Amino acid sequence: MPMDATERARLLGRFDILEGMSEEALEDLAAAAEDVELATGAVLIRQGDRGEAMYFLTEGLLEARVRQDDGTEMAVGQIHPGRPVGEIQVILGGERSATVAALEDSRAIGVPESAFRELERHSPESFLKIAEIIRRRLRRDQLAKAVGKLFVDVDHEALAMIERAAEWVRLRRGEVLVRQGDPADSWYILITGRLKVEIDGPDGPRVVNELGRGESFGELGIFLDSDRTASLYALRDCDLVRLSRLTFERILRRRPKFMGAIARVLVRRIVQKEKRGSGLDPLLTLTVVPLSLELETGRLCRRLCGALAEIGPTLRVDGEVLERDLGIPDVTTFPRSHPVWIRFAAWLEDQETKYRFIVFEGDGEANSWSRRCLRMSDRVLLAGHAGDPRHGDAATLIERQLDEVTDARRTLVLVHADGNRLPSGTAAWLAAHEVGDHFHLRWNQKSDFARLARVLGETSVGLVLSGGGAKGFAHIGALRALEELGVPIDLIGGTSIGSVISGMYAMGLSIREIRDRNQEIIDLRPFSEYTLPFISLIRTRRMEKGARHAFGETMIEDLWVNYFCVSANLTTARMMVHESGPLWQATRASGALPGILTPVLRGREILVDGGIIDNLPGGVMRRRHRGPLIAVNVGTAGDFDSPSADIPSPARILWSKLLPFRRRVRYPAIGNILMRTTLLSSVSRVTEVKDDADLYLEPPVGDYGLLDFAKLDELIEIGYRNTLEQAASWVEVR
């Protein structure tokens, strides 16, 4: 017998999801509802259908089933009286995530989606309560998923203990969670959002890491009873779970097995080098902000999302997506106070459980939609059309919003219609926009979008090439082998000869072109231009001519692949990292062997070969890069000795050179001694890089001299063969 509206309202009031709702609101829902009777086996909702109604089970038993990839269905749970069915899709929008059928004769009350839309308009506070209950359920699911990933072998009872003991913490953007020096009295799991890890040092605070969804921290401090070693701030709004020391210890006492799981988390973190994250598939949300009217923003977002999808599930969010999933047209035009954003926030939390990347497509307007996107973003991409003559010379309104609503890292992306010429004018863009890094994208180069996606997803490959004189030609062979093995190079840097090879690669030159340009430099015989040794043994006119011929007027900012090189600043006694300015000049400074070649002046500062401080700059790369690191070292330490038991006199050496019939005297030449001294001074840094690199290559070039430039092709072949042999197994397990 059908129920009347009063009876329906009474029954609906018993469901926790409608708890606290006014009688008037319940009566409105009941008036729009209808009775649903299901015979055993009947289907209530089907997976993939749109959520057109929410059902409240009053009698019987239902089963939820999820369709598998092979077309079969798997039972995932049962639904008893007192539980709603299909509430997430009705409140949040989207398609049904499961099929629900009756295991026995059942009865339910069906409330159409339109009734909740009316509730949202006329009683937003009641709608907010429903959305908050759903949000709490989603958070419990998120917690279970995070703990399940952290401790894969912990049973359901232990997970339930954590859920019961968990204290939820909500942080707004910019708020501090813990400060360096505070007592380490809690363990945290980050459920949504992103945190910045900052350490106080002699030169002020320094950001050392960022933490994403699913990462935990604080366990070690509890075990050691120590203070916090870093401060943590919310980069955007965050939800965390906190377990106090007492709760943590109580769980360990009751479930000793949990201790083993914690230990494995700590060991895994050490092995994976904590600074690169826990490897738990953290969520990344980003907003694309157009800077140019000429930019095809939608096309850019689609291409980027396609590349990100190769790494993990990716969702692009714009007005059309919101209209489809929330069922409200022109939702992005609604003011900040509109209750639709309550539903949007809950919808987004649901999406964050399904996707690795969420890309918000900005519309270039300083409206409530742009503000909301920026506030939710871990990263902001300022995208410009490279051919825009204005160079983005004035900050847009939406850029001015950035400082108000987010601390997210900003990246400049310049899109090029013509990929046949090197970029130009990037410095003007960088001067006009405050960004942390930049990338060049060519419409016709899928690899450029893939590179940006890997950098955003922290799976990019960084390559550093050492100094080592002529031995550095082995780097060319290493690059050839890595290309053949399919290893992408997303960031590249080097020292001395390594700076030259890596700079040519960053320009987009082919391996053959790199080889030929080095041959052209060799043909100039730059190391035979001797001079009076007041400043150096060799003049550098030929060297500079070769550098200018190889690189032209190319600026580092205009390279297709992000690049750096290092030199030693004798004036400040510090390493200098070159990431801007003329490429030829940076490589000259990086390879200005002290005593052999003329130093490079930067104002009045004196720059010489970077090998004095860091001959294999893996540490520099690591501070800019969170993915795999490949290091190629040709500056080995054990291949330099005297060719005889004594040091010949200068007269003996001179006569051996002047008299053709006299036996040639072998000796450790001054050039080799100075070059060798340069390399030895950074041996300890090389050892650190070797231990830290994911792939460390050391081509067997010990039998070659630092000035054996005539053996270019031999050295290329050695680097090629060695890299093929050493890197193949690493590539297979990546």
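**Overall fold and selected elements of the predicted model**

The protein chain holds 26 helices and 30 strands. Helices (H or I, at least four residues) and strands (E, at least two) are DSSP runs, numbered from the N terminus. The model is predicted: local features need pLDDT of at least 70, side-chain atom pairs count only at pLDDT 80 or more, and totals for chains, interfaces and linings use all residues. Residues are numbered from 1 along each chain as its sequence is written, and side-chain values use heavy atoms, with hydrogens and water left out.

Of the 734 residues of the protein chain, 54% count as buried. Buried means under 20% relative accessible area, exposed over 50%, and partly exposed in between (1.4 Å probe, protein chains only). The chain exposes about 33,300 Å². Carbon and sulfur atoms supply 50% of this area. Accessible areas come from the Shrake-Rupley method with a 1.4 Å probe; for residues, only the protein chains shown count as cover. Among contacts in the chain with a separation of 6 or more, 77% join residues 24 or more positions apart. Contact means heavy atoms within 4.5 Å.

An open sheet of four strands has the order 10-15-12-13, and its pairing is antiparallel. Strand 10 (176-178) and strand 13 (204-211) stand at the edges. Each has a single partner strand, so one side of each is left without a neighbour in the sheet. From one strand to the next, the twist averages 30°. Two strands pair if DSSP finds at least two bridges between them. Strand 12 (residues 195-201) and strand 13 pair in the antiparallel sense over seven bridges. L195 has L211 of strand 13 as its bridge partner.

The bridge partner of L412 in strand 22 is H438. With helix 15 (residues 426-432), strands 21 and 22 make a right-handed β-α-β unit. A crossover is right-handed if, with the strands pointing away from the viewer, the path from the first strand over the helix to the second runs clockwise.

Strand 22 (residues 437-442) is mostly covered, with six of its six residues buried. In a regular strand the side chains alternate between the two faces of the sheet. Both faces of strand 22 are covered. D437, F439 and L441 are buried on one side, and H438, H440 and R442 on the other.

L374 lies in helix 13 (residues 368-375). At 0% relative accessibility, L374 counts as buried. Not counting residues up to four places away in sequence, L374 touches T287, V289, V380, I398, Q401, L402, V405 and T406. L374 and D403 are 29 residues apart in sequence and 10.0 Å apart in space, C-alpha to C-alpha.

Helix 18 (residues 497-506) is also mostly covered: 10 of its 10 residues are buried. Among them are I497, V500, M504 and A506. G508 follows helix 18 and has a positive phi, near 95°. Helix 17 (residues 474-484) and helix 18 pack at an angle of about 35°, with their axes 10 Å apart. Axes are lines fitted to C-alpha atoms, for helices over the stretch in contact, and angles run from 0 to 180 degrees between N-to-C directions. The crossing of helix 17 and helix 18 is right-handed. A crossing is left-handed if the near helix is turned anticlockwise from the far one by less than a right angle, and right-handed if clockwise. H475, I476, L479 and E483 in helix 17 meet G498, I501 and Y505 in helix 18.
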